[in-house]
Structures are given as structure tokens and as C-alpha cells.
Amino acid sequence: MEETSKKKGAGYILNLAAVILGAVGLVCYLLSGTDQSKMTETVVSAMVYVPFAAAILCGVVGLFTGNSMIRMFAAILFFLTLALWGFTQAGYIVNVFMGIDGNSFSLPYILSFVGMVVPMILSFAAAVARK
């Protein structure tokens, strides 16, 4: 592992971490994206998981090519995923904060949010890194 990190550089390691955390976030989103109370129209949406999967795919391509533009595009796709997730989950989030239906944020729900924000930051850092 030490030899790989010396050969690949910080950008590779940051991008690898972004891909792994993004994959965890995608799985957690698919597990927790539906509102169980049926008070809102919150569902697992292709509007979220398609750019999520595309961001992970761009990250994987960035691992093999080392191209900073591809890594930056992955960061942009993670941001788009976060924005669309907020759009589709707004009703559920308001219900949880207002305590209307007794719902709470589950661990997979929180991990899906973290799995969008942290990979976005890591992909951006990987694009800016020299190697």
C-alpha cells in the first residue's frame, strides 16, 4: 500500500476514497430513500441514483486515467446528486424536523447524505491535486 501511494500520489488516493464513499452512499440511498410514513411523496428516484452512479463511474475512470477534468466532472456530478437528493427528500426532512409523523433519520439515511457530500469534496481535492 505504501508503494502504491508513492507511485500514484495524493490525487489518486483522494479519488479512490471518493469512489469508495460514493459507492457506500449509493447503496445507503437505495436502502433508505423511501418515506415509510407515506405522508410525503419521497421515493427512491432515478433522478438521484443515475447521476450518483455516473459520478462513481467518472471517479473510477479518473482512477485509471488520472485526468483532473474527469475528477472535476465527478465532483460536479456529486454536487448535482446532492441537489437532486435535497429536491426529492425535502418533504421528508421537513417532517422529521417538525416532528409531524414521528419519523427520524436512520443511519443509512445519514450515510447516504455523507456519501454525497464527502465524495464531492474529495473529488474536487483530487482534481486540484498535482498527481
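1. Contact, as the word is used throughout this note, means that heavy atoms lie within 4.5 Å. With that in mind, the structure above can be read as a predicted model, and in this model the residues G11, L14, N15, A17, A18, L21, G22, G25, C28, Y29 and S32 of helix α2 meet P108, Y109, L111, S112, G115, V118, P119, L122, S123, A125 and A126 of helix α5. Sorted by class, this contact of α2 with α5 has 14 nonpolar, eight polar and no charged residues.

2. The protein has five helices and zero strands, and reading along the sequence gives the pattern α-α-α-α-α.

3. The way in which α2 passes α5 is a left-handed crossing.

4. The pairing of α2 with helix α4, which covers residues 68-98, has an angle of about 25°, and here the axes are 12 Å apart. Since angles under 35 degrees count as roughly parallel, this makes α2 roughly parallel to α4. The crossing of these two helices, α2 and α4, is left-handed.

5. Which residues bring α2 and α4 together? On the α2 side they are G11, Y12, N15, A18, G22 and Y29, and these meet R71, F78, W85 and Q89 of α4. By class, the contact of α2 with α4 has five nonpolar, four polar and one charged residues.

6. The remaining pair to consider here is α4 with α5, whose packing angle is about 155° and whose axes are 8 Å apart. With the cut-off for roughly antiparallel set at over 145 degrees, α4 and α5 are therefore roughly antiparallel to each other. Their crossing is left-handed, and by class the contact of α4 with α5 has 18 nonpolar, six polar and one charged residues.

7. Is N15 buried or exposed? Buried means under 20% relative accessible area, and because its relative accessibility is 0%, N15 counts as buried. Leaving aside neighbours within four places in sequence, N15 is in contact with G59, G62, L63, R71 and A126.

8. In helix α5, the student may look at S123, which at 1% relative accessibility counts as buried. Apart from neighbours within four places in sequence, S123 is in contact with A18, R71, A74, A75 and F78. A18 belongs to the α2 residues that meet α5, and F78 is one of the α4 residues that α2 meets.

9. Another residue placed in helix α5 is M116, and at 0% relative accessibility M116 counts as buried. Not counting residues up to four places away in sequence, M116 touches F52, F78, T81, L82 and W85. The C-alpha atoms of M116 and A83 are separated by 9.7 Å, and these two residues stand 33 residues apart along the chain.

10. L111, whose place is also in helix α5, has a relative accessible area of 35% and is therefore partly exposed, a term that covers the range between under 20% for buried and over 50% for exposed. When neighbours within four places in sequence are left aside, L111 is in contact with G25 and C28. Where does L111 lie relative to G25 in sequence and in space? The two are 86 residues apart in sequence, yet 6.0 Å apart in space from C-alpha to C-alpha.

Note on methods. Residues numbered from 1 in each chain as written. Predicted model: local features only at pLDDT ≥ 70, side-chain atom pairs only at ≥ 80, totals over all residues. Heavy atoms only, no water. Left-handed = near helix turned anticlockwise from the far one by under 90°. Helix = DSSP H or I, 4+ residues; strand = E, 2+ residues; numbered from the N terminus. Nonpolar A, V, L, I, M, F, W, Y, C, P; charged D, E, K, R; others polar. Axes fitted to C-alpha atoms, helices over the stretch in contact; angles between N-to-C directions. Parallel < 35°, antiparallel > 145°, perpendicular 65-115°, else oblique. Buried < 20%, exposed > 50% of the residue type's maximum accessible area, 1.4 Å probe, protein only.
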